[in-house]
Amino acid sequence: MQDEARLVELVDEARHAPSYALDTEFHREQTYFPRLGLVQLAWAERVVLLDPLATPLGPLKALLESRATAVMHAPDQDLEIMRHVVGQVPARLMDTQTAAGFCGLRSASLRDLLARFLGVDVAKGDRLTDWLRRPLQSEQLDYAAGDVRYLPDLWSALRARLQALGRLDWCEEECELLRIRQASSRRPEDAWLRVRELRRLPRRSQPLAIAVAGWRERRAAQLDIPVRYVLSDLALAAVVQAAPESQAALVKVRGVDGRGMGGSTGTELLEVIREARGNPPQVPRKPKSPDRSHLQPVVALVSAWLSQVARDDDLDPALVATRADLTSFLEGEPGARLATGWRYERYGSRVEELMTGKAAVALESEGKLRLERRSGQPL
C-alpha cells in the first residue's frame, strides 16, 4: 500500500482490535541502521503490506501506542526498526518464539510452529531476496503476507497451551522484558561490552576500550555503515592495546587500514585516545560480593540439573538460565535473571537452597539428577 491517507484509516481500524500481527523485511549488510523494505500487518481477516519506500510510516505510531497487542515472532530486530523508523515500539507485545519456549520448544522457527500448531505449510523464505528492489514480485508479496497471516491464530493456539500449563503469566513477563530492552537505543558507552577481546582486557585498559569502542559506534552511525567498516573487532582491540599517539603509529597497528585512517578519521581517533588518557571514562564497578570461588566446582553440576529440570518441565532450558545467568546469580550480581520473577520462584530459590547446604543433588538410577532435602549424613 502506498497511500498515507488510507494508512491512517487502517491504523484507526487496527488499533481498536484486541491484537495485530506485525513483521518487517529489511537489509542491513552495508549499513549501520537497517534499511526497511516492507512492513506487514494483519488483524481480523485483513492483511496489509506497506511500502516504506513510497509511504511515510508516521501513522503507525498511533497503532504501536495503542492498547492492542502486537503479535510478533522473534521480534528483536523488528522492534529496533520500529524504534528507528517510527520512534516507537509496541506498548504491548507477545512473541510467539518466546511463547513456544515456554511450551518446551527451543528457538522454533515460525514455519515449524505453523506446521506444528496449525497444520499450515508455508513456503520457506529465500534469505537472498532483495526487498529494496521495485517492483516487488508476487512471490515476494505472498511470502511476506504469510509471515503475518497466521500469527494471530498461532498466538491463540500457543496461549491456550500456556494457560493449560499455567505459564501464561511467565510468558507475558518475559515478553515485557524483551519489549523494554528494545524500547531504547544502544548506548555507545556500552559498545565495548559487545566485543569479547575488549572485555578480556585488564581493568587499566578498559577506560580506553570504552572510549575507542564508543567512538567506533558513533562514527558508524554517523556514516550509516557497519561498525566493522570503521574498525574490525581485531583492529579495535589492537588499537586499545597499542594506544598510538601519532598517525604513523596508528597505521602500523595490526588490522588498521592505513588508507581509511590516513586522514580526518585517524586524526579524530587519535584525539579520542588523547582525551581518554587525560580524562578516562568511568568503568562501571561491580558491587563487591562475598568470595564464592568455592562454589565454582559445582556450577557445572547445577547447570546440568537446571537444564534437566527445565526439560522435565517442558521448557526451553535457555529460557530458564544460561551458565552465565547461573554464575551471576551465585555471585549475587544485581539484576541476575535467576533472582527475580518466575525464575526465582521456580528455580532460583531451589538453587539457593542447594548453595546454602539445605539441599543436595542426587544421581538417580536412570541417570537423572534430583534435588532433595539434605540429610547431613556423610557416607
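The model is predicted. The protein has 379 residues, of which 44% count as buried, and its secondary structure comprises 18 helices and seven strands.

**Overall dimensions and surface**

- The C-alpha trace spans about 75 × 65 × 30 Å along its principal axes.
- The accessible surface of the protein amounts to about 20,300 Å², and carbon and sulfur atoms contribute 48% of that area.
- Among contacts with a separation of 6 or more, 61% are between residues 24 or more positions apart.
- The protein carries 54 positive and 53 negative side chains; the centres of these two sets are 7 Å apart.

**Helix H10**

- Helix H10 covers residues 206-223 and contains 18 residues.
- From its first C-alpha to its last, H10 reaches 26 Å, close to the 26 Å expected at 1.5 Å a residue.
- Of the 18 residues of H10, 14 are buried, so the helix is largely enclosed by the rest of the structure.

**Aromatic pairs**

- Six aromatic pairs are present in the structure.
- In one of them, the ring centres of Trp 170 and Trp 342 lie 4.8 Å apart and the ring planes meet at 15 degrees; the pair is therefore stacked, since planes under 30 degrees apart count as such.

- Ala 360 is located in strand E6, which runs over residues 359-363.
- The relative accessibility of Ala 360 is 25%, so this residue counts as partly exposed, the cut-off for buried being under 20% and that for exposed over 50%.
- Leaving aside residues up to four places away in sequence, Ala 360 touches Leu 354, Arg 370, Leu 371, Glu 372 and Arg 374.
- Ala 360 and Ala 70 are separated by 290 residues in sequence and, C-alpha to C-alpha, by 43 Å in space.

Note on methods:
Residues are numbered from 1 along each chain as its sequence is written. This is a predicted model: local features need pLDDT of at least 70, side-chain atom pairs count only at pLDDT 80 or more; totals for chains, interfaces and linings use all residues. Side-chain values use heavy atoms; hydrogens and water are left out. Helices (H or I, at least four residues) and strands (E, at least two) are DSSP runs, numbered from the N terminus. The expected span of a helix is 1.5 Å times one less than its number of residues. Buried means under 20% relative accessible area, exposed over 50%, partly exposed in between (1.4 Å probe, protein chains only). Rings of Phe, Tyr and Trp (its six-membered ring) pair if their centres lie within 6.5 Å; planes under 30 degrees apart count as stacked, over 60 as edge-to-face and the rest as tilted. Contact means heavy atoms within 4.5 Å. Accessible areas come from the Shrake-Rupley method with a 1.4 Å probe; for residues, only the protein chains shown count as cover. Lys and Arg count as positive and Asp and Glu as negative; His and the chain ends are not counted. The place of a charge is taken as NZ of Lys, CZ of Arg, CG of Asp or CD of Glu.
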